[in-house]
Amino acid sequence: MRIAKVEPITTTRALRGPFDYRLPETMADAGVGSLLMVPFANRRMLGVVVGLAAASELPPERLAEPIEVLDADVLPDLVDLGLWVAERYCSTPARGLSLVLPPGYGGGARPRAARARTERRAAITDAGRAALTEGSRLGARQRIALELLAAADEVSGPELTAAGAGADVMRRLEERGLVSQGATEVRRRPAITSVGAKSAGVSLSGAQRRCVEAIVGSLDGEGPREWLLHGVTGSGKTEVYLAAIEAALERGRTAILLVPEIGLTPQTLGRVASRLGDTVAVLHSALSEGERFDEWRRLRSGEARVCVGPRSAVFAPLADLGLIVIDEEHDSSYKQEGDPRYDARAVAARRAAGAGAVLLAGSATPRPESWETMERLSLPERVDGRPLPPVELLDMREHSPRAGPLHPVARDALAELSDGAKAIVMVNRRGYSPHLSCAACGEAVSCPSCDVSLVLHMASGLLGCHHCGHSEPPPRECPSCGSVSIVRHGAGTERIERVVAELIAPARVFRLDADAVARHGGHAEVLAAFDAAEGGALVGTQMVAKGHDFPDVALSVLVDADSTLRYPDFRAEERTFSLIAQLAGRSGRGERGGRVLVQTLAPDAVPIRAAAAHDAPGFLAGELERRRAFGYPPFASLVAVEITGPDERRLIAAGDAIAAAVGPAIAKGSELLGPAPRFRRRNRYRRRILVKTLEPGRDAAAIGAALGDPGIASTLRGITLAVDVDPQ
Ligand code: ADP
Ligand code: ZN
Ligand code: ZN
């Protein structure tokens, strides 16, 4: 007897498989990774085979047979990976496996699988050619069709219809044996926008060659399996990735290139696609279901051997994996925020190790974790030896807000742009004005459902909450004291856009933030317009600092360098450093040279000073010392338990109960912090318990077990709980 161990794909957390099913002779082909429809508690359910066995603990009469084996499957390696993710991130097997299913096979009883698209195609037969030359009797439309077909190997149904030969005409020709018709599959290929400088088969520099040689050595089985490529902005890291991918392909292996967010990095995708052609597939959420399905199948069948995409592409169905590249490895978007809360970098490391593949993580501003734990390769200089642009700190402590949001030096620099030189201006807030308050009593205008200020948006004329979407008209008078003097504080992208527009007119300003992107249909469109413009400025949120390469950018301005520093998070320093360094990296990539201006209230802060000096190694050394002293990653791991609920008193009680239960369950050397309140959001109060641990696997399991205790369960009614391993 063959038994399939099947994990049902369901959202029910309590349902823990795998469950045994008896495989009949007709399902002899089913193996690990097969997708089945199985009967489950009077329902049909999609299931994944996670193991095979010769016997079951259950008596044979209690074993059901699957209903059918579907004609799609999952690679066995990826079944392992999905289950590993589930365990590592305290999720369920079903949710872990959902990550590796073919597109369209989500949860639910009836997978709504996307289908291949086929198209009618016709070709002329010898008899058809003869009919044309011999002047056989043909209708006008029949003649048109045959002439069209005689001139080409094959013509598609739509083309024939457009020429006047519809399905009827073609059927009659087919009946007379003058044409043959068939259906072929048409691939839906996602469009790839090309933005910025191209990579036209460059010859590698000595430093690049040394990096590639080291990686190729690893591909051939010598030396480290994981590399960190630290290369300053514009040092040619992408060329190293491309050469490494080519080397993997030459060795008959496949490769994955992870990028932070595909919309923000159209250039990387464009370069890879133009270099490697049809062997590249992309997988990301903005594709239509049909496109995703077709790209997935090209990867699964081996027709495409390189997958480019954001974090989910780490699950690309590639066999013989030789290399996983993580571009901009410091980017926080590699962490998934929904369940399972996986970190694609950790998943990539696990997948590479399992497949015997090489891991290559690259960044100008690596994470302290990677700096400490990985072997390094380095590209210390920009291509062509161009200098990194000088960074000037503009001290805003002496600047009156009444003089506007920009320092006079920044205003002058923008006003003096000429000859097609461009600027990038970053301000980390959307909208016009991030705070409004009453001049008489100081009352701030905040969201009724969240503990945050409402942001004034000029485009809509409304105040909006960036956490729950609430919006309302600006108040005419203070709701608390009735005074009519409501003051606006601070500047968001909309306000900076106006100020910059006045300074650089008649050159244009392009805005890149979530609002603008929603209106203009995508980041790539905004970036392409900025790229094509003669001069001008790009104003936006963090999006403007991500990896773009525009040779005409001669000036970068950071309006508020302290915004990231104010976050109560141990990664605040790292984020601030990397944001400034990345923004600086956009400037001075061409002949024009570059200049970077950073407005700050804390010009002496360590990350700001280090970024101004382009000193990543110095910053990382200091940051690692600090982390070691306080027991933060990479010297310990973090596991967070987050609870939310509408009733604050009950939430506080639940938090205390969880802390009391978790405290004794975790390892001796582990430390429990909290429960600490976090700001209320969408009318839900929130608290967080943080565990610092040297044994994350053990403690995550212990926390899971403690939370499953019936005594805790009763205090959790009406409360939502999430466990986050390696929170960001
Ligand atoms: P990074 O990813 O490190 O910021 P890029 O790979 O984007 O750097 O390279 C910056 C620019 O330099 C790109 O326009 C790229 O085409 C060009 N470039 C890279 N390597 C070379 C090389 N060896 N010779 C000439 N140009 C190069
Ligand atoms: Zn007031
Ligand atoms: Zn709100």
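A donor here is an N, O or S atom within 2.8 Å of the metal, or within 3.2 Å for Na, K and Ca; water is not among the atoms, so sites may look incomplete. Now, the ground rules. This is a predicted model, where local features need pLDDT of at least 70, side-chain atom pairs count only at pLDDT 80 or more, and totals for chains, interfaces and linings use all residues. Residues are numbered from 1 along each chain as its sequence is written, chains are lettered from A and ligands numbered from 1 in the order in which they are written, and side-chain values use heavy atoms, leaving out hydrogens and water.

Let's go to the zinc ion, ligand 2. Which protein donors does the zinc ion have? They are C438, C441, C478 and C481, each through SG, at 2.3 to 2.4 Å. Along the chain, the donors are spaced C-x2-C-x36-C-x2-C. C441 and C478 are 37 residues apart, and the pair links distant parts of the chain. C441 sits in the loop between strand 18 (435–438) and strand 19 (455–457). C478 sits in the loop between strand 21 (471–472) and strand 22 (486–489). Strands are DSSP runs of E, at least two residues, and helices are runs of H or I, at least four, numbered from the N terminus.

Are these two cysteines buried or exposed? Buried means under 20% relative accessible area, exposed over 50%, and partly exposed in between, with a 1.4 Å probe and protein chains only. C441 is partly exposed, because its relative accessibility is 39%. C478 is buried, because its value is 3%.

Last stop, the helices. E573, E574 and F577 in helix 17 meet A616, F619, E623, R626 and R627 in helix 19, where contact means heavy atoms within 4.5 Å.
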